[in-house]
Amino acid sequence: MSLDVSSMINQYTDFVTQNAQNAQAASKVDTSKDYSKATDEELMDACKKFEAYFLEQCMKEMMKTVQSEDGTTGIFGSGSNNALMDYYKDNMISELATQSTERNSLGLAQMLYEQMKRNYDL
């Protein structure tokens with residue numbers, strides 16, 4: 001009886017990747033909260049979360065356009081062994097987007113904050 005370790009590793013990495021992506025998507029932006037009575041800090045936090053999510057999605061789409069050395073699309077190529085690499089790549093992109101937002105590099109959060117304050121008359 002032979003044990004196929006590579007298929008078990010592939011199944012495990014697929015499972016980890018799917019669970020991580022589901023958890024990340026659920027924790028990104030809370031759309032059910034009513035911000036009409038929010039404090040300034042809560043409002044700015046929501047705007048920063050949106051900006052980070054927006055940057056993350058832009059970065060992911062840009063990375064898809066880069067061709068790898070083997071000619072496949074995507075910066076790290078394709079294949080079943082790349083599921084774990086994709087997981088860490090997604091975490092890296094998410095962290096870069098969050099750090100960029102904290103440094104006010106894009107300014108989108110500030111513009112959203114000012115617009116929401118005008119709309120909610122806060």
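**Salt bridges and an aromatic pair in a predicted model**

Author: In this predicted model, Lys117 and Asp40 form a salt bridge, with their closest N and O atoms 2.9 Å apart.

Reader: How many residues apart are Lys117 and Asp40?

Author: Lys117 sits in helix H4 (residues 108-120). Asp40 belongs to helix H2. The pair links distant parts of the chain, and the separation is 77 residues.

Reader: Is Asp40 buried, exposed or partly exposed?

Author: Buried means under 20% relative accessible area, and exposed means over 50%. Asp40 has 35%, so the class is partly exposed.

Reader: Which parts does the salt bridge of Lys48 and Glu102 tie together, and how far apart in sequence are they?

Author: The two side chains meet at 3.7 Å, N to O. Lys48 lies in helix H2 and Glu102 in helix H3 (residues 83-102). The bridge therefore ties together parts whose separation in sequence is 54 residues.

Reader: What separates Lys64 and Glu61 along helix H2?

Author: Lys64 and Glu61 form a salt bridge, the closest N and O atoms being 3.1 Å apart. Both residues are in helix H2, three residues apart, so the separation is about one helical turn.

Reader: How are the rings of Phe50 and Phe54 arranged?

Author: The structure holds one aromatic pair. The ring centres of Phe50 and Phe54 are 6.5 Å apart. Planes under 30 degrees apart count as stacked. Here the planes of Phe50 and Phe54 are at 20 degrees, so the pair is stacked.

Reader: Which residues make the nonpolar surface patch of about 270 Å²?

Author: Phe50 counts as partly exposed at 36% relative accessibility. Phe54 counts as partly exposed at 39%. The patch is made by Phe50, Phe54 and Leu106.

Key: Residues are numbered from 1 along each chain as its sequence is written. This is a predicted model: local features need pLDDT of at least 70, side-chain atom pairs count only at pLDDT 80 or more; totals for chains, interfaces and linings use all residues. Side-chain values use heavy atoms; hydrogens and water are left out. Rings of Phe, Tyr and Trp (its six-membered ring) pair if their centres lie within 6.5 Å; planes under 30 degrees apart count as stacked, over 60 as edge-to-face and the rest as tilted. Buried means under 20% relative accessible area, exposed over 50%, partly exposed in between (1.4 Å probe, protein chains only). Patches are made of residues with over 30% relative accessible area and no salt bridge: like charges are joined within 9 Å, nonpolar side chains (Val, Leu, Ile, Met, Phe, Trp, Tyr) within 5 Å. Accessible areas come from the Shrake-Rupley method with a 1.4 Å probe; for residues, only the protein chains shown count as cover. A salt bridge is a side-chain nitrogen of Lys or Arg within 4 Å of a carboxyl oxygen of Asp or Glu. Helices (H or I, at least four residues) and strands (E, at least two) are DSSP runs, numbered from the N terminus.
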